[in-house]
Structures are given as C-alpha cells and as structure tokens.
Amino acid sequence: MIAIGITCYHTFGGSGIIATEIGLELARRGHRVHFICAEPPARLPDDAENVSFHEVTIRDYPLLLEGQYPLALASRMVEVAEKEKLDLWHVHYALPHATSAYLARQILGARSPRVVTTLHGTDITLVGNDPSYLPITRLSIEQSDGVTAPSQYLARATVENFGITRPIEVIPNFIDTERFQPAPHGEGAVPLLVHSSNFRPLKRLDDVVEVFARVRARGPARLALIGDGPERPRLEAQVKARGLDADITFLGEQLDFVATLQAADLFLLPSETESFGLSALEALSCGVPVVASRVGGVPEVVREGEDGFLLPVGDVEAMAAAARRIVDDQALHRRLSAAARAGAVGRFSRAPMVTRYEKFYESVLRSSPSRS
Ligand code: GMT
C-alpha cells in the first residue's frame, strides 16, 4: 500500500475534482491518502476511510508581498511527509504545486517522497508559460519524478511551450458513471440547454448566451447556467438587458448538479481553450449531447457527429444551428445521447483510469529519483 500526499486547488474546477476522485478511489483500494490543501476540496467528504486532510495555513506579515501560499504549502508538505511517512506526493496543476513539491523535496533530500505532477490546462497554456512564471514552471515539471496530462493535446502543448523532453504519461480524466448517469425526462417539454464552468473569460460566456439567444429565436428553449466566477455579474446584467432573463437561470455553484444535467437536452461548451473539458464529459455520461468549440483536447472527449458537434471558436451561428437541430430532431438526439453515454462508460470510466495512476505511481516508485 502506498502513502500518498495529494495537493490540488480546493475550489470548484476540474483539476480539484479529478484529484479528489483519484484520492477517494485510492483510499477505497486501501492506500493511505493525505490531502494537503488550503481548504478541503469541494467534493471531499468528511468521513472517508483512509483519508486525512491537512490544511495549509498562510501567515500574514506586513512586510511580505502577497503570494506566500507556495512557501506555506512546501513547508506543510515536508511536515506531513515526515509525520505520515509518505511515499509519494501527487500534485495537481503545475503552478505552483509542482514548485512547492520541488522545494519540499530539496528540504528532505534523500528522505523525500517521489513527486508526480499532473498538468491540467492553463498551468501550461496560459499562466505557467507567461514569462513571469515560465522558468520556474519548466524547472518544476522537469524535476518531477513523473508527469501526467489528461490529453494528448496537453502533453504536446507542454513539449511545445516549455521545450520539455521528458516523457509525459497521458491518463485521460474520468467520470463516476454510476453517479453521472442518464435519467428519463419527459419528451415534448421545452428543450433545456446547460452550461457549467467557473465563469472565467476563456469560457466565452457571451457565446453561451448568444448561442442560446439564437436557438431561442427559432423556437422555445431554456438555458441553465451552473457555476460562478468573475464573468457572472456582467453576464447577468447582459441577460437582463437583452430581455432573456425569463428563459435563463443562473444556478450558481452547486455541489450536486447531476439532476440538472439529467434534465438537459444539450450541453454548451464554446471555450477559447480547454485541455480536456471535464464538464463536457459529465454531460456525456448523463447521455447529454455536447456542442463545443473544436479546441485543445475537446475532440479527444467529444466525437464530432457521434456524441455532439464541434465548431470553430466564436462561430455562434454554427453552434446555434447545431444546437437547434439536436433539440428538434428526436431521432438525432436519441442517437447522440446513446453514443454519449456508451462513450463515457467505455472510454472514461473511473476504475481503469485510477488503476493507470496506481501503476504509474508504482513505476515512479521503482525508478531512481529525477533530481538535481
Ligand atoms: O486550467 C485551468 O484553467 C483550470 C482547470 C480546472 O481546475 O478546472 O481546468 C483544466 O483542467 C480540467 C481538468 O483536467 C480540464 O477539464 C479543463 O479542460 C482544463 N481547463 C483548461 O484547459 C482551460
């Protein structure tokens, strides 16, 4: 059995969800799992067996500029590793978690746990490769003992953006297909479109609303928006100003939104960039077809014409036409929906993916440390 320290962002977001799900499944398999995070991850239950939570506390001091989290995290990682005799740290999102792991390992030297880093998205494509962080992100990735990415796209982007030559293991994100499963809902009801995200600009919320407005102009439809984030106030004002508020519901952050997905006829994901698109997979697993932009790793999740449609970023007219077609053509909807569910179960079930992580950990623990 392996003693693992997992670090992730605790907020709603794909990387935290995947980190939590990996930890919980490993704990069910008898491994000892220690979450080392600023706060308990959103989907972490209090009472899971073999699971402990270790809070990272950041001390304020007037002299220090903001941003002491990476240092406080590194110190906490050291403390937990020594106390709990960790074999391995698995950090999610390179920035700054892989950097904290690098620092922690320097402190512990030969006694250090091995480091596995899972890259997730903007740590590679947007922030981590900004000149202000690039050298430290590159070093931290290179110095990890094992590196994984959820899509071939992100593995390639890491090589291109950072000039990294070390191997990157692609282990796709996964879904609990028992929890996210289809439920019958009444045919003939007003079609429901759903979008869920953390409402950041790269999610292109304006496109979500514009696609919906065009779908609505051609027939009855409703839109449910799950999540919260910086774009929400502006978007709510826009929806009101356009007179769309009767048909668009802002549901906010939800711990359990399966019922909303189950009631949906279609999921919209018109993002600017997306390394994987876990929210699309959640929809597919509930048998909900997806209309998304053809970017990043999305084509590795949503199969064009099979369980959804992929259109160029910003092509709101093509997205609206595809969406209206799906909600109006019941035979097409049934075909896409069945393929969506079958694809999620066949390609992205949780157990085989967590087994791949387990095997990856074992290979990292067998290999000699990558260290300078
Ligand atoms: O990278 C981010 O901006 C945040 C991150 C998150 O925590 O949700 O999202 C990324 O990781 C998810 C889990 O692997 C992927 O499903 C998302 O596609 C990816 N986001 C982007 O690439 C923008």
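**Close-up views of a predicted model**

**Figure 1. Phe199 in its loop.** Phe199 lies in the loop that runs between strand 8 (192-196) and helix 7 (205-217). The structure shown in this and the following views is a predicted model. Is Phe199 buried or exposed? Its relative accessibility is 0%, so Phe199 counts as buried. The backbone angle phi of Phe199 is near 50°. This is a positive value, and the residue is not glycine.

**Figure 2. Asn50, a second residue with positive phi.** Asn50 is placed in the loop between strand 2 (32-37) and strand 3. Its phi is near 70°, again a positive value in a residue other than glycine. With a relative accessible area of 32%, Asn50 is partly exposed, whereas Phe199 of the previous view is buried.

**Figure 3. Helix 7 against helix 11.** Two packed helices are described by the angle between their axes and the distance between the axes. The axes of helix 7 and helix 11 (residues 316-328) cross at roughly 50° and come within 8 Å. Helix 7 is therefore oblique to helix 11. The crossing of these two helices is right-handed.

Figure 4. Side chains of opposite charge can pair when their charged atoms come close. Glu210 and Arg214 form a salt bridge through their side chains, with an N to O distance of 2.8 Å. How many residues separate Glu210 and Arg214 in helix 7? They are 4 residues apart, which means that about one helical turn lies between them. Arg214 has a relative accessible area of 28% and is therefore partly exposed.

**Figure 5. Helix 3 against helix 5.** Helix 3 (residues 94-108) packs against helix 5 (residues 134-142) at an angle of about 60°, and their axes are 8 Å apart. The crossing of helix 3 and helix 5 is left-handed, whereas that of helix 7 and helix 11 is right-handed.

**Figure 6. The cis peptide bond at Pro96.** Pro96 belongs to helix 3. The peptide bond that leads from Leu95 to Pro96 is cis, and its omega is near -5°.

**Figure 7. Val116 and Ala98.** Val116 is part of strand 5 (residues 114-118). Its relative accessibility is 0%, so Val116 counts as buried. Between the C-alpha atoms of Val116 and Ala98 the distance is 8.3 Å, while 18 residues separate the two in sequence.

**Figure 8. Gly23 and Val354.** Gly23 sits in helix 1 (residues 14-28). A relative accessible area of 0% makes Gly23 buried. How many residues apart along the chain are Gly23 and Val354? The answer is 331, and yet their C-alpha atoms are separated by 9.1 Å.

Figure 9. Glu25 and Arg28 form a salt bridge in which the closest N and O atoms are 2.9 Å apart. The two residues are 3 residues apart in helix 1, so about one helical turn separates them.

**Figure 10. The salt bridge of Asp228 and Arg232.** In the pair formed by Asp228 and Arg232, the closest N and O atoms of the salt bridge are 3.3 Å apart. Asp228 counts as partly exposed, at 31% relative accessibility. Arg232, at 16% relative accessibility, counts as buried, because buried means under 20% relative accessible area.

Figure 11. Tyr61, Leu63 and Leu64 make a nonpolar surface patch of about 350 Å². One of these residues, Leu64, is found in the loop between strand 3 (51-55) and helix 2 (69-84). Leu64 has 43% relative accessibility and therefore counts as partly exposed.

Notes: Residues are numbered from 1 along each chain as its sequence is written. This is a predicted model: local features need pLDDT of at least 70, side-chain atom pairs count only at pLDDT 80 or more; totals for chains, interfaces and linings use all residues. Side-chain values use heavy atoms; hydrogens and water are left out. Patches are made of residues with over 30% relative accessible area and no salt bridge: like charges are joined within 9 Å, nonpolar side chains (Val, Leu, Ile, Met, Phe, Trp, Tyr) within 5 Å. Accessible areas come from the Shrake-Rupley method with a 1.4 Å probe; for residues, only the protein chains shown count as cover. A salt bridge is a side-chain nitrogen of Lys or Arg within 4 Å of a carboxyl oxygen of Asp or Glu. Buried means under 20% relative accessible area, exposed over 50%, partly exposed in between (1.4 Å probe, protein chains only). Axes are lines fitted to C-alpha atoms, for helices over the stretch in contact, and angles run from 0 to 180 degrees between N-to-C directions. A crossing is left-handed if the near helix is turned anticlockwise from the far one by less than a right angle, and right-handed if clockwise. Angles under 35 degrees count as roughly parallel, over 145 as roughly antiparallel, 65 to 115 as roughly perpendicular and the rest as oblique.
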